[in-house]
Amino acid sequence: MNRLKGFRIQYSVFGFRCSAFGLQHEHLIARLKPSAFSLQPEPLALAYLLLSATVLISAVTTSASSPPSVADETMTHGTEAFQRGSHEDALGKWKEAARQYATQGQSHQQSQALVAAARAADSLGQTRHALQLLELASALAQNEPDALWRATVLAQLGHTYLTARQLDAASTHLTQARELITGSSSPALTASLLNDLGILYALQNHPEEALTAFTDTVHLAQQAGLPLVALHARLNAARTDLQLNQPTNSRIWIDQALEQVTTLPPTREKAVGLMNIGLLYRRLLPSLPDFHAPLVLRAAGALQEAVGLAEQLGDARTLSFALGYLGHLYELEHRLDEALSFTRRAIFSAQSVDAPESLYRWQWQLGRQLAATGKLDDAIASYRQATGTLQPIRQTVAVAAASSSWSDEDPIRPLFFELADLLLQRASLTEEQPAVTQYLFAARDAIEAFKAAELRDYFQDDCVDALQARITKLDTLAAGTAVVYPIVFADRLELLVSLSNGLKRLSIPVSSATLTQEVRAFRKTVEKRTTREYLPHAQQLYDWLIRPLEPDLASFRIDTLVFIPDGPLRTVPMAALHDGRQFLIEKFAVASTPGLNLTDPKPIDRDKVRLLSSGLTKAVQGFPSLPFVEEEINAIRTLYQGDQLLNAEFSTPRLEQELRDHPYGILHLATHGWFASDTTQSYLLTYNGKLTINELDRLIGLFRYRKDPLELLTLSACQTGIGDDRSALGLAGVAIKAGARSALATLWFINDEASATLVSEFYRQLRNPALSKAQALQQAQQKLLADRVYEHPAYWSPFLLLNNWL
């Protein structure tokens with residue numbers, strides 16, 4: 001029997017199989033985002049369902065007289081590996097097939113293999129690698145006459161950029177793909193594109209446009225006979241209506257989806273559809289309280305049916321999700337015995353197929369349910385198992401969660417904070433002081449683990465691991481230093497204070513919402529140089545954060561406070577807190593670090609240090625001039641040996657050359673800078689371009705291979721957004737990213753002359769071996785505070801010393 005020439009295409013759903021009926025890529029079956037990650041870690045929080053046009057080459061279909069080549073067989077082996085869940089094996093096989101096709105000069109088949117490999121990389125959470133593969137596939141496809149294949153690759157590129165939350169790039173590629181297929185007879189690819197565009201609009205906070213796209217997807221999918229595409233587009237539309245506060249319309253969409261799913265054959269896709277339907281019914285409950293009972297019954301019925309279908313199919317991975325979500329539904333209905341039973345079954349199913357992306361959720365859920373029954377020790381043990389299970393897949397989960405929802409909330413944060421809360425509760429119930437201290441350290445370590453993971457996710461690389469491998473844990477403090485570790489819970493603020501005699505705990509009865517409101521008001525008003533509106537907020541924050549510590553600070557003769565701020569506290573200058581008589585900086589030197597285990601506390605070698613000062617005085621690229629930068633740089637050069645790059649000399653290539661050729665210990669950059677929530681949008685201005693944080697990392701990364709790393713990175717004209725906790729995280733993490741021990745940076749752009757005065761004084765004080773970096777900054781800030789022109793905290797408080805304060 002002759003086999004058709006060309007390739008027969010299959011589309012997969014994280015192991016689901018949906019064969020395309022026809023030749024080449026004409027009949028695309030849109031695929032659902034991997035079920036293991038398409039649902040957010042918060043139980044019953046429905047994620048947007050991504051229908052991508054990813055292709056998997058399932059078989060080589062040459063004529064009988066032309067047997068499959070070695071590359072064709074490698075492709076087949078890759079498909080078989082992917083279908084059995086061996087995604088790493090599939091990635092290797094498909095990349096090898098791409099190499100083999102390239103050797104044979106078969107560029108079309110090579111591009112198909114690259115797209116398949118990108119799908120495997122994406123399923124493993126390797127989004128950057130997936131993008132690299134797809135960019136290469138797209139370059140190959142551009143030389144082909146087949147517009148539909150070019151559109152397919154562009155669509156997948158757009159989809160993957162959407163996964164990576166690079167919305168501009170996603171929009172560009174999705175739009176190009178849509179233009180290529182205009183007027184073509186490819187309803188499945190068109191439907192997939194419409195769905196991805198809908199998610200793009202949702203992520204851009206345009207829910208009305210998103211709803212229109214999802215509605216059009218449903219109509220097109222129905223006309224083309226693509227029931228799965230229609231099903232999940234309905235669910236996306238339901239979620240969008242819920243976001244638009246239209247719960248009645250949302251229920252109509254879900255009811256339609258439930259009616260449609262009953263007509264599907266018994267497959268894994270149907271089980272996943274049932275789960276999502278159950279989850280959406282559960283999400284409707286707060287918005288439709290009068291329909292609580294029928295909605296709960298429908299949610300439970302859909303999830304029970306998903307359990308039965310998964311058991312019938314022998315699909316333990318899907319079964320673990322269905323059981324786990326059913327367990328959470330019973331938990332929310334306060335039926336803890338049934339909840340515990342379902343959750344334990346979910347854990348068993350996840351363990352049976354080695355599914356950590358499912359397992360950690362149900363270990364977490366079991367811990368929460370055990371805590372609700374008063375079994376704190378068992379609950380803590382389960383939480384610890386969950387964090388241990390999560391650790392190896394943390395970045396994958398973070399990427400998947402980001403791609404599946406338009407919320408900026410970290411879905412993993414509650415796991416670590418709930419564990420810390422349980423450990424603090426356990427400490428309160430313990431009488432023996434050594435045991436109490438042990439629980440306090442364990443609570444702090446839980447938050448430290450989250451902070452390190454948060455920075456990994458922000459920078460999306462291993463810079464945090466590289467630092468942690470280089471330093472030792474900081475539990476022994478120098479005399480006169482106290483580390484203040486605020487932990488913001490929903491109902492209270494906990495302060496863990498490290499002193500020379502150990503760790504002390506104080507609980508402050510202020511809610512997260514109230515604290516955040518006060519922090520936002522303080523940040524907004526402290527930047528206003530002509531008013532004292534900031535003062536009541538500065539005093540209130542002092543009362544919460546510092547006043548409870550005053551007896552201990554006095555008893556231990558503390559002169560330096562190191563803050564490890566959490567959440568909104570990252571966005572405000574602690575130096576400007578006020579006790580009613582004076583600012584905090586008048587009593588203490590102040591420093592900040594994003595994590596206690598992310599700090600390398602070694603003093604600077606003042607005698608050997610060499611400085612490179614760079615910056616702009618002229619107005620360039622639409623940014624205002626910084627006329628006092630030259631005065632600032634000249635003042636610094638009188639104190640330290642070194643070199644300078646000013647204005648036209650300050651370019652990325654010239655900076656790289658200087659850093660390669662000389663062993664600088666201090667890099668001073670006096671230029672405009674911006675730190676955003678998205679690290680790819682953060683930059684420092686050069687004379688004729690912008691230096692991204694990744695480029696800065698690459699340049700300063702040269703220091704990592706020297707015996708002595710960069711001691712100090714100074715950014716004297718940067719700024720962050722008000723209320724943007726993640727941009728402040730980026731500011732705090734820039735030294736870690738760049739491999740520097742310390743950074744001096746500003747939260748907002750300030751008066752150019754004031755900045756020059758303060759920075760020059762900081763460097764002058766830093767020459768004194770009796771002073772730490774934190775104390776040198778304190779002296780500089782106090783100098784401005786004593787000047788009637790610059791006494792307002794808007795001038796001196798935004799300067800932060802980050803990481804190593806010695």
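**Conventions.** I number residues from 1 along each chain as its sequence is written, and my side-chain values use heavy atoms, with hydrogens and water left out. As the model is predicted, local features need pLDDT of at least 70 and side-chain atom pairs count only at pLDDT 80 or more, while totals for chains, interfaces and linings use all residues.

**Confidence.** I looked up pLDDT (the predictor's confidence in each residue, from 0 to 100). The chain has a mean pLDDT of 84, and 82% of its residues reach 70 or more. Over residues 1-47 pLDDT stays under 50. For that stretch I note 193 contacts (heavy atoms within 4.5 Å) beyond four places in sequence. Residues 50-65 also stay under 50, and the model has 88 contacts beyond four places in sequence for them.

**Q781.** I located Q781 in helix α30, residues 773-785; helices are DSSP runs of H or I with at least four residues, numbered from the N terminus. A polar atom of the Q781 side chain lies 2.9 Å from the backbone oxygen of W796. Leaving aside neighbours within four places in sequence, I find Q781 in contact with A575, I585, L758, W796, S797 and F799.

**Q100.** I placed Q100 in helix α3, residues 87-103. With neighbours within four places in sequence left aside, Q100 is in contact with V70, A71 and T74.

Methods
Helix = DSSP H or I, 4+ residues; strand = E, 2+ residues; numbered from the N terminus. Polar contact = N/O pair within 3.5 Å; in protein donor to acceptor, adjacent residues only side chain to side chain.
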